[in-house]
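The sequence and structure come first.

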Amino acid sequence: MSTYKGKNILITGGASGIGKLMGEMALKKGAATLVIWDINQANIDATKAELSQYGRVCGMRVDVSNYEVVASSYEQVKGEVGHIDILINCAGIITSNKTFDQQTQQEITHTIGINTIAPMFVARAFLPDML
């Protein structure tokens, strides 16, 4: 039996790259619902259109580096989809092609916010219900 069969799955960064591929795989393996959180609305819309052929897909524009946005979006997901069984934190960024010594303080802070703090914010919102 598939780990994904009948499960509600949420993927941050799910509208492109590895997150999108993981969403497609989960749907093909029988996920009940795929919830995509991403910052890029155009990519969310395109991914929903593409992956809906495999099952139910919901998408939300969410800035995962903002805890208040994460918390309110979590409540919206609970109301519209129900319990999330599997959470995949896949959102991540590379702010530029500059070497580290050439990055600005703002670029470093933004990268840490998305790549390190955001997965903690998302897990903190979902974990109590998952346990």
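## Basis

This is a predicted model, in which local features need pLDDT of at least 70 and side-chain atom pairs count only at pLDDT 80 or more, while totals for chains, interfaces and linings use all residues. Residues are numbered from 1 along each chain as its sequence is written, and side-chain values use heavy atoms, with hydrogens and water left out.

## Fold and overall dimensions

The protein has four helices and four strands. Helices (H or I, at least four residues) and strands (E, at least two) are DSSP runs, numbered from the N terminus. In sequence order the elements give the pattern β-α-β-α-β-α-β-α.

The radius of gyration, taken over C-alpha atoms, is compared with a globule rule of 2.2 Å times the number of residues to the power 0.38. For 131 residues a compact globule would have a value near 14 Å, and the 15 Å of the protein agrees with this. The C-alpha trace spans about 50 × 30 × 25 Å along its principal axes.

## Burial, surface and contacts

Buried means under 20% relative accessible area, exposed over 50%, and partly exposed in between (1.4 Å probe, protein chains only). By this criterion 35% of the 131 residues of the protein count as buried. The accessible surface is about 7,300 Å², and carbon and sulfur atoms account for 55% of this area. Accessible areas come from the Shrake-Rupley method with a 1.4 Å probe; for residues, only the protein chains shown count as cover.

Contact means heavy atoms within 4.5 Å. Of the contacts between residues at least 6 apart in sequence, 66% join residues at least 24 apart.

## The cavity

Cavities and pockets are found on a 1 Å grid over the protein atoms alone: a cavity is a set of points where a 1.4 Å probe fits but cannot get out, a pocket is an open set with protein on both sides within 12 Å along at least five of seven lines, and lining residues have an atom within 4 Å of a point. Grid points are joined across faces, edges and corners, and a volume is the space filled by probe spheres set on the points.

The structure holds one cavity of 30 Å³ or more, and the largest cavity contains about 40 Å³ of space. Its lining is formed by Tyr74, Lys78, Gly82, His83, Ile84, Phe126, Asp129 and Met130. The lining has four nonpolar, two polar and two charged residues, where Ala, Val, Leu, Ile, Met, Phe, Trp, Tyr, Cys and Pro count as nonpolar, Asp, Glu, Lys and Arg as charged, and the others, Gly among them, as polar.

## The largest pocket

The largest pocket has a volume of about 320 Å³. It is lined by 20 residues, and Asp38, Ile39, Ala91, Gly92 and Ile93 lie nearest its centre. Helix H1 (17-28), strand E2 (33-38) and H4 are the elements that give two or more residues to this lining. H1 has the largest share, three residues. By class, the pocket lining comprises nine nonpolar, nine polar and two charged residues.

## Buried residues in the helices

Ala26 lies in helix H1 and counts as buried because its relative accessibility is 1%. The C-alpha atoms of Ala26 and Ile9 are separated by 7.9 Å, with the two residues 17 apart along the chain. Gly19 is also in helix H1, and its 2% relative accessibility makes it buried. With neighbours within four places in sequence left aside, the contacts of Gly19 are Ile11, Gly13, Gly14 and Cys90.

Ser73 is found in helix H3 and is buried at 6% relative accessibility. Its contacts, leaving aside neighbours within four places in sequence, are Trp37, Met60 and Val62. Glu107, in helix H4, is buried with a relative accessible area of 16%. Not counting residues up to four places away in sequence, Glu107 touches Thr95, Ser96, Lys98 and Gln102.
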